[in-house]
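These are my notebook entries on one structure. I record below what I looked up, entry by entry.

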Amino acid sequence: LTHFKPDFFPVTKMMMTKKVRLLGSVLQSEDKESKIPARGSGRVEKVYVKSTGSFISVGDPVLELYSPQLITAGEEYLISYKSKQKDLLHQAKKKLKLWGIKDFQLKKWLRSGKIPRNITIYSNSGGIVTKKNAIEGRYFKEGESFYDLVNLSTVWVEMDVYEHDSGLIKIGQEAHIEFVA
């Protein structure tokens, strides 16, 4: 018993950790997906966002659209402004705003007194382009998507947990994740 020398130490609380290596993948959050839709029919004349993977911020110009429907609504707006008919002006402005026309565009139209042949469409949401449907010369119907976007500020990580590690994992548990590129 001479080789056995017991040592005593006080009991303390401590966090036990174990590194667990898992395989998994990073997925986009489905609730962060959005589209930039055609709110009226027309033909794409110029595209500002050229490829998938491009980042678009809210309010960025995305394309120029030739739309007789928008031009006619814009002319109604100018006529109602010149005739000083407030009810008609309010209705024309409301219709244009529903089609995605911005206030600064309306003011520019009033100053110039004319509606441009090609109307710039601005993004109503931000994110990374996952699908680009907007091609110069292509016609779009109302509701079709110019661009599909995803905001990657929140992502999902799906991991495959091995059975022998399943007792270490709890719902809501904080995890530190490292990625190998």
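In which segment does leucine 168 lie? I located leucine 168 in the segment after S10, where strands (E, at least two residues) are DSSP runs numbered from the N terminus.

Entry on sources. I noted that this is a predicted model, in which local features need pLDDT of at least 70, side-chain atom pairs count only at pLDDT 80 or more, and totals for chains, interfaces and linings use all residues. Residues are numbered from 1 along each chain as its sequence is written, and side-chain values use heavy atoms, with hydrogens and water left out.

Entry on the nonpolar patch. I looked up the exposure of leucine 168 and found it partly exposed, because its relative accessible area is 39%; buried means under 20%, exposed over 50%, and partly exposed in between (1.4 Å probe, protein chains only). Leu168 belongs to a nonpolar surface patch of about 800 Å², whose members include Val26, Met159 and Phe179. Such patches are made of residues with over 30% relative accessible area and no salt bridge, with nonpolar side chains (Val, Leu, Ile, Met, Phe, Trp, Tyr) joined within 5 Å and like charges within 9 Å. A salt bridge is a side-chain nitrogen of Lys or Arg within 4 Å of a carboxyl oxygen of Asp or Glu. Strand S10 (residues 155-160) gives the most to this patch, with three residues.

Entry on two serines. I found serine 125 in the loop between strand S6 (119-122) and strand S7 (127-132). Serine 125 counts as buried because its relative accessible area is 14%. Apart from neighbours within four places in sequence, serine 125 is in contact (heavy atoms within 4.5 Å) with residues including Ile36, Val58 and Leu149. I then looked up serine 29, which sits in the loop between strand S1 (23-28) and strand S2 (33-37). Serine 29 is buried, with a relative accessible area of 1%. Leaving aside neighbours within four places in sequence, serine 29 touches Val150, Thr154, Val155 and Trp156.

Entry on aromatic rings. How many aromatic pairs are there? I counted two, taking rings of Phe, Tyr and Trp (its six-membered ring) as paired if their centres lie within 6.5 Å, with planes under 30 degrees apart stacked, over 60 edge-to-face and the rest tilted. Phenylalanine 104 and tyrosine 122 form an edge-to-face pair, 5.2 Å centre to centre with 75° between the planes. Tyrosine 122 is buried, with a relative accessible area of 17%. Phenylalanine 140 and phenylalanine 146 also pair edge-to-face, at 4.7 Å and 65°.

Key
Accessible areas come from the Shrake-Rupley method with a 1.4 Å probe; for residues, only the protein chains shown count as cover. Helices (H or I, at least four residues) and strands (E, at least two) are DSSP runs, numbered from the N terminus.
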